[in-house]
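Please examine the sequence and the structure shown below.

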Amino acid sequence: IQTDDPDLIRNVAKMAQSISCGKELHRLTVTGVKPAGMGERVCVDTCSLMTDGEGMLVGNTSSGFFLVHAETLVNPYVAPRPFRVNAGGVHAYVLVTDGKTAYLADLKAGDRVSIVHGNGTCREATVGRVKIERRPLFLVEAECDGQKLSVILQNAETIRLVRPDNSAVSVTSLKPGDIILGRIESGGRHFGMAIDETIIEK
């Protein structure tokens, strides 16, 4: 674009930041929520401010992700941290740029991650810091069209997933039958890239 109009440049930049991720989000039906002992979990602090309805796609396997809500909401426990997603266990996959995945434990300052909204739009953000701390954990299990998926998250009221209406629900309030958003993938992953290979992950 060749223009001297700064408003046009800003509008085009805004449009580019809110493009479709190219893949729809799916409605996941919660089948179980239970304590999973103690372990290390990862907070991903980005250099961008997120809004209500936004978060990161995280999962125990590379074939199923849950939309974990950013810490944008006011609550009686801690101040909002709209730059943060308390994303889950160190082992988990997180969706990064170009449709690739990374292990949460491998993220570091300067890496790029995908910020996804419940309405299906996404944008990139730069990681500013990663915090790994030992905390009590929850195992959340769900299914979509017969496919089972799961994620391990911190057991805390401030950790939330996203409902189809883009509102947030705390993991401590989840119960079987609740509907949340996520993404189903096919195939497997090798060094974070999707490959056409039969891989079984449980």
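A salt bridge is a side-chain nitrogen of Lys or Arg within 4 Å of a carboxyl oxygen of Asp or Glu. The model is predicted, so local features need pLDDT of at least 70 and side-chain atom pairs count only at pLDDT 80 or more, while totals for chains, interfaces and linings use all residues. Residues are numbered from 1 along each chain as its sequence is written, and side-chain values use heavy atoms, leaving out hydrogens and water.

**Salt bridges**

- The count comes to 9 salt bridges.
- Glu40 pairs with Arg134, with the closest N and O atoms 3.3 Å apart. Glu40 lies in strand β2 (residues 26-46) and Arg134 in strand β9 (residues 121-144), so this pair ties together parts 94 residues apart in sequence.
- Arg84 and Asp45 form a salt bridge at 2.7 Å, N to O. This pair links strand β5 (residues 84-89), which holds Arg84, to strand β2, which holds Asp45.

**Burial**

- Buried means under 20% relative accessible area, exposed over 50%, and partly exposed in between (1.4 Å probe, protein chains only).
- Glu40 is partly exposed at 34% relative accessibility, and Arg134 is partly exposed at 48%.
- Arg84 and Asp45 are both buried.
- Buried residues make up 48% of the 202 residues in the chain.

**Architecture**

- The chain has 1 helix and 15 strands; helices (H or I, at least four residues) and strands (E, at least two) are DSSP runs, numbered from the N terminus.
- Leu8 is found in helix α1 (residues 6-17) and is partly exposed, with a relative accessible area of 36%.
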